[in-house]
Amino acid sequence: MKNMTTFITATGVIGLILTASLVMGDDDKYERNERDEGFLSQLFSKKTDVAPVKNAVYKEECGSCHFAYQPGLLPARSWKKMMGDLENHFDENAELDKDTQIALTKYLVENAADDANYKRSRRIMNSLSKNDTPLRITETPYFIRKHDEIPKRMVQDNPKLGSFSKCAACHVNAEKGSYEEDDVRIPGIGKWDD
Ligand code: HEC
Ligand code: HEC
């Protein structure tokens, strides 16, 4: 009798966990198939998409020309490569003094997508092969897949926007690390309806 009760309780608990993990999986089937995330890690992963930037020096130095991209949007190897050549940073000179360069490289590497327990970081990592070292978030397969339905006239040819690199121009909560589809407002266009 006691064993039976234990069995029923255990089955109930497993059922609840399975249901919860199904309800929490919010992405399309394609992603569910390709990622190799255990459902327990999915269950306990954080709600925000990526960890928000808390480093004030980073915000100031790397957020002066563009949005301060969260470290969890690229792997450590990408940040190391970028930080090793700031003089030639996308046709700009973004050079820093040696100490700041060392400190910010450390910050980026420690918070990179590789080990981050945030869902978008994991999906970006899963979309890359081991020897891909992208210097642009906008060139990762995950990013491209997520944005491939948005027509050029709304981005590159949009006089109020111009490029996908301006995350926060469309994702109104990007600074908080949230990239939910519902919080997208495209400049001059408005809400995104796919
Ligand atoms: C002097 C201006 C300037 C500074 C300072 C600067 N950047 Fe940039 N960054 C650029 C430009 C220009 C681009 C290319 C943007 C574009 O194509 O629209 C860029 C692009 C990027 C991209 C790629 C965005 C994409 O398209 O996915 C990343 C990542 C990036 N910068 C990180 C950094 C980091 C980290 C720092 C601080 C160490 C930094 N940037 C400082 C000018 C700057
Ligand atoms: C033109 C405005 C625009 C810009 C700029 C833009 N995005 Fe998006 N993004 C969207 C739209 C629209 C979607 C939803 C697309 C869909 O699912 O059909 C989206 C989806 C996403 C998603 C997936 C969200 C989800 O709920 O599945 C992530 C993550 C994301 N964007 C990150 C970024 C990052 C990081 C940048 C900057 C490097 C960026 N985006 C720049 C419009 C934009």
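1. Helix H8 gives the most to the shell around ligand 2, contributing 4 residues, where helices (H or I, at least four residues) and strands (E, at least two) are DSSP runs numbered from the N terminus. The model is predicted, and local features need pLDDT of at least 70 while side-chain atom pairs count only at pLDDT 80 or more, although totals for chains, interfaces and linings use all residues. Residues are numbered from 1 along each chain as its sequence is written, and side-chain values use heavy atoms, with hydrogens and water left out.

2. Ligand 2 is surrounded by 23 residues, of which the closest are Lys146, His147, Cys167, Cys170 and His171; a residue is counted here if one of its heavy atoms lies within 4 Å of the ligand. By class, this shell holds 12 nonpolar, 4 polar and 7 charged residues, with Ala, Val, Leu, Ile, Met, Phe, Trp, Tyr, Cys and Pro taken as nonpolar, Asp, Glu, Lys and Arg as charged, and the others, Gly among them, as polar.

3. The iron atom of ligand 2 has His147 (NE2) and His171 (NE2) as its protein donors, lying 1.9 to 2.0 Å from it; donors are N, O and S atoms within 2.8 Å of the metal (3.2 Å for Na, K and Ca). These two residues link distant parts of the chain, since histidine 147 is in helix H8 (residues 141-147) and histidine 171 is in the loop between helix H9 (167-170) and strand E1 (185-186), 24 residues apart.

4. The arrangement is octahedral because the 6 donor atoms around the iron atom of ligand 2 subtend angles of 88 to 179°; for six donors, the term requires opposite donors to be over 155 degrees apart and all others between 65 and 115.

5. Histidine 147 counts as buried because its relative accessibility is 17%, and histidine 171 likewise counts as buried at 12%. Buried means under 20% relative accessible area, exposed over 50%, and partly exposed in between (1.4 Å probe, protein chains only).

6. The count of aromatic pairs comes to 3, where rings of Phe, Tyr and Trp (its six-membered ring) pair if their centres lie within 6.5 Å, and planes under 30 degrees apart count as stacked, over 60 as edge-to-face and the rest as tilted. The rings of phenylalanine 67 and tyrosine 69 have centres 5.8 Å apart and planes at 90°, so this pair is edge-to-face, and both phenylalanine 67 and tyrosine 69 are buried.

Note on methods: Chains lettered and ligands numbered in written order. Tetrahedral: all angles 85-135°; square planar, octahedral: opposite > 155°, others 65-115°.
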